[in-house]
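Please open the model and follow along.

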Amino acid sequence: MKNIKVNALASLMVNVLNIVFPLITNPYLTRILSKSNYSYFNTANTWASFVVPIAAFGIYNYGIRAISKVKDDKNKINYVFSKLFYISVITSIAVTALYFIFISVGEYETENLKTLYYILGIQALFQFLNIEWMNEAYENYTFILYKTLFIRIAMLVSIFAFIKTEDDIIPYAIIMSATTILNYLLSFVWIKREVSFVWIDIKDLLMSAKGLTTMLLLANANMLYTLLDRMFITKSPDTNYISYYTISFNIVMLIASVLSGALSVSLPRLGYYLGKKDYNAYENLINQGSSLFFFLMMPTSIGIMILGTYATVIYSSEKYLEAGIVTSIFAIRTIVWAIETILGKQIMFINDFESKLTSFYFIGGGLNLILNSVLYFCNIFKPEYYIGTTILAEGLVVLLEIQFIKKHKLINFESVFSPLYKYLIVSLGFIPIYFITKLAFHIHSYEITLNMILMVCTVISICGIYYLVALMILKDLTINYAIDMVKGKIKKS
């Protein structure tokens, strides 16, 4: 069995790459591309993002769990891999064909927008090559790290080489689709060395496809939240609103995805412990993972909330100033998202309650759909309102999950939530620090100046020091563990 600390480090590095490179390319793109062209891209990408997960058919999460439970049996691995691959080929072709037919009969503001729909939608056709779930189940995180580095460098070089004017939106879409497909292909070639295709009866494929329907709904429940918000916003008469939402989403979730890296690598190990009925090891890993996640997530969310507009302006230039409030509200949403990530993926899903989890997602998603529809018919399209509806919807999901987990006694809630409360309360101390520092620097606008950047850096530094010192005084286990680990490394060196 591979070292989970090495896996966590490799996964963390992958997520770091996934945030560092967009932090280089996205600010460049928002400054080079015109607001209208960037809005066209975000509109087309929203609808492509709706189609691609359907083509994937929920196989990703199902595959990780299925392979993790049989990874000691080569024949069973080949059987599961082949079955899921064949189903994926069928769904990828069928969904892409329907998507292209739909696009061909639609009416569009410009020919560029229609072309963007086609270019970005082609990613759905190649979903059958997206077998990263095999690499995750095999815990091949070192390979994923090297591959991600290669793909990100290729994307970076291509963007700077071909995107030079405000109208280069088509080349940008081609780069995005091409690198995505290359990413799938490299993973497929790598994992194919370890598995073989075997014959699967048509009857078995049909039975599995029927069972995967639940996973399809579960994997695509996100469509009823942030993606649904974006779909409604694309109908706004102000085409810039979709860019405001997308930019804010990218800023917040890029960081959040890095912090959730340690949780992702623990899923196969959690499944393994449950398969071996080692419940103590399972609960210990849940507690360690959730504590570390909340330790990082709470200060990040509060920090982005208070610095949202400054972060947005620095990230995307002053022409997207109006997206600042959206970024701050998104930061609040990540607190609810973080709690749901623990309850949903780490506890309910891994314990095979995906059907119940799916029903909760659809109850919350139904609420979001109703609230979004009310906004739409009231002719309200400002993105901050749509994020508000998502917060309410996801809050309902969290309440349903808490009730279910308590009823079935799946975990000790006190050990999971005590660190959350502590980290959140300590992080609220960032608010007075922000206002005092802003006053000291005499910052009264969001213009990008050296003084403004110094103020932001000072706030981050003071808040970071305050957070660590406060937790040391409170004798927090996570910070003490980190300090002991650093001391151990120093002694060894």
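Contact here means heavy atoms within 4.5 Å. The model is predicted.

## Helices α2 and α4

Two packed helices are described by the angle between their axes and the distance between the axes. Take helix α2 (residues 35-56) and α4. They pack at an angle of about 150 degrees, and their axes are 8 Å apart. An angle over 145 degrees counts as roughly antiparallel. The two helices are therefore roughly antiparallel to each other. The crossing of α2 and α4 is right-handed.

Which residues of α2 and α4 meet? From α2 come W47, A48, V51, I54 and A55. From α4 come T91, S92, V95 and Y99. The contact residues divide into 7 nonpolar, 2 polar and no charged.

## Helices α14 and α17

The crossing of α14 with α17 is right-handed.

On the α14 side, the contact is made by I335, I339, I342 and L343. On the α17 side, the residues are F413, V416, F417, L420 and L424. This contact holds 9 nonpolar residues, no polar ones and no charged ones.

## Aromatic pairs

How many aromatic pairs are there? With ring centres within 6.5 Å as the rule, the count comes to 36. One of them is F81 with W133. Their centres are 6.2 Å apart, with 40 degrees between the planes, and the pair is tilted. F81 lies in helix α4 (residues 74-104) and W133 in helix α6 (residues 132-137), so this pair ties together parts that are 52 residues apart in sequence. Are F81 and W133 buried or exposed? Both are buried.

Y245 and F330 form another pair. Their ring centres are 5.1 Å apart and their planes lie at 70 degrees, so the pair is edge-to-face. Y245 sits in helix α11 (residues 240-259) and F330 in helix α14, so the pair links parts that are 85 residues apart in sequence. Y245 is buried, and so is F330.

## An aromatic cluster

Ring pairs also build a cluster. Its members are F81, F85, Y86, F128, W133, F188 and F197. F81 and W133, the tilted pair, both belong to this cluster.

Key: Residues are numbered from 1 along each chain as its sequence is written. This is a predicted model: local features need pLDDT of at least 70, side-chain atom pairs count only at pLDDT 80 or more; totals for chains, interfaces and linings use all residues. Side-chain values use heavy atoms; hydrogens and water are left out. A crossing is left-handed if the near helix is turned anticlockwise from the far one by less than a right angle, and right-handed if clockwise. Helices (H or I, at least four residues) and strands (E, at least two) are DSSP runs, numbered from the N terminus. Ala, Val, Leu, Ile, Met, Phe, Trp, Tyr, Cys and Pro count as nonpolar, Asp, Glu, Lys and Arg as charged, and the others, Gly among them, as polar. Rings of Phe, Tyr and Trp (its six-membered ring) pair if their centres lie within 6.5 Å; planes under 30 degrees apart count as stacked, over 60 as edge-to-face and the rest as tilted. Buried means under 20% relative accessible area, exposed over 50%, partly exposed in between (1.4 Å probe, protein chains only). Axes are lines fitted to C-alpha atoms, for helices over the stretch in contact, and angles run from 0 to 180 degrees between N-to-C directions. Angles under 35 degrees count as roughly parallel, over 145 as roughly antiparallel, 65 to 115 as roughly perpendicular and the rest as oblique.
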